[in-house]
Amino acid sequence: MNEAATQPQVETAPLLLTPGPLTTSRTVKEQMLVDHGTWDDEYKEDTQQVRAALVKLANASKKTYTAVLMQGSGTFAVESTIGTAVPKQGATLMIAINGAYGQRMAQIADYLGINHVDVVFDEDEVTGLEKIMDKLAAHPEVTHFAMVHCETTTGILNPIETLIPKIHAMGIVTIVDAMSSFGGIPINVEALGIDYLISSSNKCIQGVPGFGLVIAKRQTIDQTAGNARSLALDLYDQYQCFEVHDGKWRFTSPTHVVYAFLQALKELAAEGGVPARNRRYAHNEKTLRQGMMTLGYQPVIDEAVQSPIITSFRYPSKDFNFQKFYNYLKEKGFIIYPGKVSTIDSFRIGNIGQVFNDDMVRLLALIKQYSVVEV
Ligand SMILES: *Cc1c(COP(=O)(O)O)cnc(C)c1O
């Protein structure tokens, strides 16, 4: 166990209880004090090390899977994957939607002119098997399927374990946006038959923002040459450059972010890997959820399908002033997140990042005080 991973930090800046960017350790931030060249062999080796570590974190073998890094925020990696995975002719993408990030994939498909069939669920309901199978039966033209693992809109956890193997067995290429869950929830990418799993540097691996990452099945991505609708977001070309030039990125890469990410990977391993991190996040979530309920705040998502990543709460009353609540907590050292559920007035509190149970306990004490004063 290293100290950075286990000790709550004394920080002057507020803690980000937001699902990315999130609170990072001081040691991760310190990696960014040095400038690095991109042609340097050491940097290329470090990039290769990051790629290898990601395949391992995905519980996949490096023979069968590869990791491709893509400059930009997470959405750039989603757009890059969809725009490269789906051929220009004779392909249809099905998208399971129960929140803003599923909707965003549909929007990406619209921008790129990709045929898509949407399966839409309520935001407080998981993307269930039955409805998806019915829709697939009605649309035999579907060649690709995309879904979100943890829908960060609400914090609901969608059942990739039941859906992906069935859809994969139908010969459909599978894409999972695991942006907010990868590194914080164990995922068996190879065993499930996921073709593309997408995340980013600034979520559960606890790096800083700057690149997205795609764990891709080699056999699948190997067939995508020439598919991309964008030069900068050509995932295949990016993959080839990494492979052929031993870790060389196409175009300028976020060098500082890569070094911070390497440190974040070390700290994840020191903490005990994804299972240990999952336990810490789940503990944070449980403390938060139970404490908030005691204070009269009701969660939006049913406990059975609640992720350990982020928790949505209903406004405690009709005239609840979120901005005032936000400002109060910010002043006391916590940044929380507005709600994103379209039909329910809510706000969100993230459980991920360099955040510990003690921080949640402190937060709850502040909210209790606020409630005493306000309600
Ligand atoms: C954070 C997130 C994204 C990407 O968002 P960016 O702002 O582009 O980094 C995509 N999907 C999910 C589920 C997310 O949580």
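The model is predicted: local features need pLDDT of at least 70, side-chain atom pairs count only at pLDDT 80 or more, and totals for chains, interfaces and linings use all residues. Residues are numbered from 1 along each chain as its sequence is written, and side-chain values use heavy atoms, with hydrogens and water left out.

The UniProt record, in an unreviewed entry, lists residues 42-342 as "domain: Aminotransferase class V". UniProt positions follow the numbering used here, feature names are shortened, and annotations may be inferred rather than shown by experiment. The span is 43% helix and 17% strand. Its end C-alpha atoms lie 47 Å apart. Helices (H or I, at least four residues) and strands (E, at least two) are DSSP runs, numbered from the N terminus.

Two strands pair if DSSP finds at least two bridges between them. Strands β9 (residues 196-200) and β10 (residues 211-217) run antiparallel and are joined by five bridges. Tyr196 has Ala216 as its bridge partner in β10.

Axes are lines fitted to C-alpha atoms, for helices over the stretch in contact, and angles run from 0 to 180 degrees between N-to-C directions. Contact means heavy atoms within 4.5 Å.

A second open sheet has three strands in the order β11-β14-β13, with antiparallel pairing. β11 (310-314) and β13 (337-338) stand at the edges with a single partner strand each, so one side of each lacks a neighbour in the sheet. Helix α12 (residues 273-294) packs on this sheet and touches β11 and β14. Its direction makes about 10° with that of β11.

Strand β14 (residues 346-350) pairs with β13 over two bridges. Pro338 is partnered by Phe347, and Tyr337 by Arg348. Five bridges link β14 to β11. Here Thr311 has Ile349 as its partner. Five of the five residues of β14 are buried (under 20% relative accessible area; exposed is over 50%, partly exposed in between, with a 1.4 Å probe and protein chains only). Ser346, Arg348 and Gly350 point one way from the strand, and Phe347 and Ile349 the other way.

Helix α13 (residues 322-331) contains the buried residues Phe322, Phe325, Tyr326, Tyr328 and Leu329. These residues cover an arc of only 165° around the axis, which puts them on the same side of α13. The arc is that of the directions from the helix axis to the C-beta atoms. Asn321 caps the N-terminal end of α13, with a side-chain oxygen 3.2 Å from the backbone nitrogen of Gln323. Gly333 follows the helix and has a positive phi, near 105°.

Gln103 lies in helix α5 (residues 100-112). This residue is partly exposed, because its relative accessibility is 41%. Gln103 and Thr343 are 240 residues apart along the chain, and their C-alpha atoms are separated by 15 Å.

Conventions
Polar contact = N/O pair within 3.5 Å; in protein donor to acceptor, adjacent residues only side chain to side chain.
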